[in-house]
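Work through the exercises below with the structure at hand. Each task is followed by a solution in steps.

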Amino acid sequence: MTEQQRGRIRIFQSALTYRDDRLAGLDAAVLMEVIEHVDPPRLAALERAIFGHAAPGTVIVTTPNVEHNVRFEALPAGAMRHPDHRFEWTRGEFRAWADGVAAAHGYRVNYLPVGMDDPEVGPPTQMAVFSKRPADSGAPT
């Protein structure tokens, strides 16, 4: 890596449930397999800190699709994929959450499958791509 490239990288630790001015104004943020590790009562704090305060132009969120768990033969019925998961959402639950976040914070949201999109139970992972709406566009979500 060149010195110029190294100068563009800053690594730091932060919490996604607290305002951190260092995160404000970023072009993009990725919460890859993160939200399911947050206690449900703390999701509102994450939403305010990331979508409200930091407000990056794009936010990508991925999370397991609980409906797909039946395709994992080694996973006992009703079990979650990881012992630290606080929840795993259906596609409908994820969309309801993401639609609410987008509406509350001025984003539009698109949904994409991650992995093979099983016609019965959907993909193993679901993804929402949030894009900040321009304040004067009046664009629908």
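**Exercise 1.** Is E67 buried, partly exposed or exposed?

*Solution.* The model is a predicted one. Step 1: the relative accessible area of E67 is 25%. Step 2: buried means under 20%, and exposed means over 50%. Step 3: at 25%, E67 therefore counts as partly exposed.

**Exercise 2.** Find the residue whose side chain meets that of E67 in a salt bridge, and say which parts of the chain the pair ties together.

*Solution.* Step 1: the partner of E67 is R91, with an N to O distance of 2.9 Å. Step 4: for the whole structure, the number of salt bridges is seven.

**Exercise 3.** Describe the salt bridges that R71 makes with D118 and with E120.

*Solution.* Step 1: the side chains of R71 and D118 meet at 2.8 Å, N to O. Step 2: this pair links distant parts of the chain, as R71 is in the loop between strand 2 and helix 3, and D118 is in the loop between strand 3 (107-114) and strand 4 (125-132), 47 residues apart. Step 3: the side chains of R71 and E120 also form a salt bridge, at 2.9 Å, N to O. Step 4: here the two residues are 49 residues apart, with E120 in the loop between strand 3 and strand 4. Step 5: now take the accessibilities. R71 has 36% and so is partly exposed. D118 has 9% and so is buried. E120 has 62% and so is exposed. Step 6: another set of salt bridges, with shared partners, joins D39, D84 and R86 into one network.

**Exercise 4.** E47 is a buried residue without a salt bridge. Which side chain makes a polar contact with the side chain of E47?

*Solution.* Step 1: locate E47 in helix 2. Step 2: look for a side chain of opposite charge. The nearest is that of R48, 6.7 Å away, and a salt bridge needs a distance within 4 Å. Step 3: look for polar contacts instead. The side chain of W97 makes one with the side chain of E47, at 2.6 Å. Step 4: list what E47 touches, leaving out residues up to four places away in sequence: G52, W97, V101 and H105.

**Exercise 5.** Where does L43 lie, and which residues does L43 touch beyond four places away in sequence?

*Solution.* Step 1: L43 is part of helix 2 (residues 43-54). Step 2: its relative accessibility is 6%, so L43 counts as buried. Step 3: beyond four places away in sequence, L43 touches I35, V38, F87, W89 and W97. Step 4: take W97 from that list. L43 and W97 are 54 residues apart in sequence, and their C-alpha atoms are 9.8 Å apart in space.

**Exercise 6.** Which residues form a nonpolar patch on the surface with about 390 Å² of accessible area together?

*Solution.* Step 1: the patch is formed by M1, I9 and I11. Step 2: M1 is in the segment before helix 1 (3-7). Step 3: the relative accessible area of M1 is 63%, so M1 is exposed.

Technical notes: Residues are numbered from 1 along each chain as its sequence is written. This is a predicted model: local features need pLDDT of at least 70, side-chain atom pairs count only at pLDDT 80 or more; totals for chains, interfaces and linings use all residues. Side-chain values use heavy atoms; hydrogens and water are left out. Buried means under 20% relative accessible area, exposed over 50%, partly exposed in between (1.4 Å probe, protein chains only). Contact means heavy atoms within 4.5 Å. Lys and Arg count as positive and Asp and Glu as negative; His and the chain ends are not counted. A polar contact is a pair of N or O atoms within 3.5 Å; within protein, one must be able to donate a hydrogen and the other to accept it, and residues adjacent in sequence count only if both atoms are side-chain atoms. Patches are made of residues with over 30% relative accessible area and no salt bridge: like charges are joined within 9 Å, nonpolar side chains (Val, Leu, Ile, Met, Phe, Trp, Tyr) within 5 Å. Accessible areas come from the Shrake-Rupley method with a 1.4 Å probe; for residues, only the protein chains shown count as cover.
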